[in-house]
Each structure stands twice: as structure tokens, then as C-alpha cells.
Amino acid sequence: MEAQMHIFVTGGSGFVGQHLVRRLVRAGHEVRALARTDSAADLVARVGAEPVFGDLADLVNGTPPQWTSALRGIDAVVHGAAYMAFWGRDDMFRRANLDPTVAFHQAAASAAVPRFVLISAASVSSGTQRAPVVDERTAEGRPNVAYSRVKLETERILLSAATPTMTTVALRPPFIWGAGMSTLDDFVAAVETGRFSWIDNGKHTVDFVHVDNLAEAAYLALTAGRAGRTYYVTDGTPMPARDFFTPLLATRGVDVSGARSVPFAVAAPLGALLETGARLLRRPEPPMLTNWITTFMGRDRSYDITAARTELGYRPAVNLTDGLAEMADSLSR
């Protein structure tokens, strides 16, 4: 058995975080997980972590909060907490995500934590970067949604920070799926309200990662990966959007096999127009079509995971068939 490590996790009560904590505990490591509420503390305790009551927002007020003492003696941090939405303003995501993350990174370095693993997002390269296949050497361009722009800004600040005693690496997962995922709810709601459409009949390539595969990559990054590096992490099986989302939505009893289709040449300008109008009107909810949807569903995009394979030792273990079966089983109980 490998040597026991002491790991500090943020976002441990979330979809990815719970799977990650289970993976770390299964490997024999001791895990502390930040929890803002009693319900979050109950969730992380249930999957085997020691709850640490606190809020990342407390870090931006100047005086280090009491909970940062829990970072002492920690071997590695996995920072997965983030407000995630493909709609909103840059300044909101900076306040919610960037500022607390930069402060947390500094707090971890001050506490002499040797390693910091950031869960970022593959969408940092979606926008003006339109190459069908990208890897870590591909220029990101300018992301076309605020969440992704701020994620990229966060990456650059953390990976270039002068922390000589702490190694920082970032993982870039695309669409994260698996039993318990909440991001499928928006797709289901769109189908049920008649707002779902394929773009170009769902022919464009999409990429994705099962939550357990991402958890495995984060586990590997505790001891592997070079300082200041980013790593795309996927299932390694990109496919047309129709081939992925049809069986995925079927696990929720939703049939999209006969859904209508809109040409990308129509969807892209319409999405940009609707998003601009909603933003100018300061509407709290996204329009029915956004830049993220047209980019994700309307352009071929996959991620080369050679770097993760060679430098992290990453091998995706959960395939689409097994993951879908698990989702269907979890919903039938």
C-alpha cells in the first residue's frame, strides 16, 4: 500500500468532489474537506472526509480565517470548488471564483502545502479557438463565456505564481457526466418544454469525461505532473453529439431521437444575438440559446490526452456503456 497522505479538498460535497473523496479514502488517504453548511458537512462525512467548517469567501477579507489552520500538515490540496454556470458577467465570476481561489492558493503556499491541484475546465479553449482537436500546446484563444474566461485567468495566475515550495498543476475536464450529475437537468428541461434542438443534426464531435475518470486523474495528480502544467482529461472517446446525448438523456426517460435540428449558420448568430440582448437587459436567466450551446454542440471539438497519459499515468477506466448502465441503475432504485 502506498504511503498515506493528508489531503485537503474544496468542493467535496459536490458531484465531482464526492467521487474524488471516495477515491482518496479508498486509497487509504486521510481527507479533510471544506464545508460551508451543516448539510455539506454531512455529505463529506458520509463519503469519508473530515469536515472543516469554513467558506472560501472568508479569504478575501484580509485576515486569514480560523479554518486555514487545517491546512497545516497537509500533503496536497485539490481545489474543485467553483460557481459553475455558462451564463453571467465576468466580474461576478471573478468575485465568486477567481478572487477566493487566488487567496486560497496563497494560503496553501503559506501553510507549506507541497502540492496544489486545480480543477479547471477544457472550455478555457472554447471560443475564438476553433481547431477540431486541441492539446496543451494549442493557444487557447479567447473563451466566449465568462465562466471560461475567468477559469483561464485563474489558471494563468496560479500557474505563474512564485511558490517555490509548492507545485501547482491544473486539470482541464470537458463535459463531466455520470450518475448524480445535475448538468443534465437543463437538457431534460429543454426537451420537456420543447426548446431542445440539435445543431446540424447532432453530427459535430463532442468530448466528455466520466466523473470517476476525472477523480482518478486528480488522484494521480497528487504525485505526478510537472509544475505549472495543464492537462486535458477526457474519456478518450469523442463522438458525435447525437451519439452521446441520445443515450445519456435516455437514462432519464427522455427521447430526443426525433428532435428537430437547426443549422449552425442559423444557431450561432441567433445565440449571440439572444445572449447580447439578455445581458443588456440584465436578465437573471440565460436565453434559450447561448454562445456556449452553439459552440459545444455546433463545432467539432476533442482534446488530445497524450500528456495526461504520459505524465500522469492516466488511463480512463469507465467507458460510456458502463457509465450509462450505472446511471440507469441509480435512477431505477
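# A tour from a loop to the cores

Start by selecting R282, which sits in the loop between α8 (264-280) and α9 (291-298). Helices here are DSSP runs of H or I with at least four residues, strands are runs of E with at least two, and both are numbered from the N terminus. The model is predicted, so local features need pLDDT of at least 70 and side-chain atom pairs count only at pLDDT 80 or more, while totals for chains, interfaces and linings use all residues. Residues are numbered from 1 along each chain as its sequence is written, and side-chain values use heavy atoms, with hydrogens and water left out.

The classes are buried (under 20% relative accessible area), exposed (over 50%) and partly exposed (in between), with a 1.4 Å probe and protein chains only. R282 is not a glycine, yet its phi is positive, at about 55 degrees. Most residues other than glycine have a negative phi.

Now select N201, in the loop between β9 (198-199) and β10 (205-206). N201 is not a glycine either, and it has a positive phi of about 60 degrees. Because its relative accessibility is 48%, N201 counts as partly exposed.

**Helices α8 and α9**

Show α8 and α9 together. How far apart are their axes, and at what angle do they pack? The axes are 8 Å apart and the angle is about 160 degrees. Axes are lines fitted to C-alpha atoms, for helices over the stretch in contact, and angles run from 0 to 180 degrees between N-to-C directions. The angle therefore makes α8 roughly antiparallel to α9. Angles under 35 degrees count as roughly parallel, over 145 as roughly antiparallel, 65 to 115 as roughly perpendicular and the rest as oblique.

To see the contact (heavy atoms within 4.5 Å), select F264, A267, A268, G271, A272 and E275 in α8 with N291, T294 and G298 in α9. These divide into four nonpolar, four polar and one charged. Nonpolar covers Ala, Val, Leu, Ile, Met, Phe, Trp, Tyr, Cys and Pro; charged covers Asp, Glu, Lys and Arg; the others, Gly among them, are polar.

Keep α9 selected. The buried ones are N291, W292, T294, T295, F296, M297 and G298. They pack against β8 (175-177), α5, β9, β10, α7 and α8.

**Helices α5 and α7**

Select α5 (residues 184-192) and α7 (residues 241-250), whose axes come within 11 Å and cross at roughly 85 degrees. These two helices are therefore roughly perpendicular to each other. Here L184, F187 and V188 of α5 touch F245, L248 and L249 of α7. This contact has six nonpolar, no polar and no charged residues.

**Helices α3 and α4**

Move to α3 (residues 90-110) and α4 (residues 146-160), with axes 9 Å apart and an angle of about 25 degrees. They are therefore roughly parallel to each other. On the α3 side, select D90, F93, R94, N97, L98, T101, V102 and H105, which meet A146, Y147, R149, V150, E153, T154, I157 and L158 in α4. By class, this contact has eight nonpolar, four polar and four charged residues.

**The cores**

In soluble globular proteins, nonpolar side chains tend to be buried together. A nonpolar core is a set of buried Ala, Val, Leu, Ile, Met, Phe, Trp, Tyr and Cys residues joined through side-chain atoms within 4.5 Å. Select V78, L171, L222, L312 and Y314, which have the most contacts inside the largest nonpolar core, a set of 37 residues. Elements that each supply at least two residues of this core include β1 (6-10), α1 (15-26), β4 (76-79) and α10 (306-312). Which helix gives the most to this core? It is α6, with seven residues.

Zoom in on L312. Leaving aside neighbours within four places in sequence, L312 is in contact with L171, A217, L220, A221, A224, G225, Y231 and A307. A second, separate core has 30 residues, including V145, A190, V254 and L324.

Select α6 (211-220). Eight of its 10 residues are buried, so α6 is largely enclosed by the rest of the structure. Those eight are V211, N213, L214, A215, A217, A218, Y219 and L220.

End at L24 in helix α1. L24 counts as buried because its relative accessibility is 0%. Beyond neighbours within four places in sequence, L24 is in contact with I7, V9, H29, V31, Y219 and L222.
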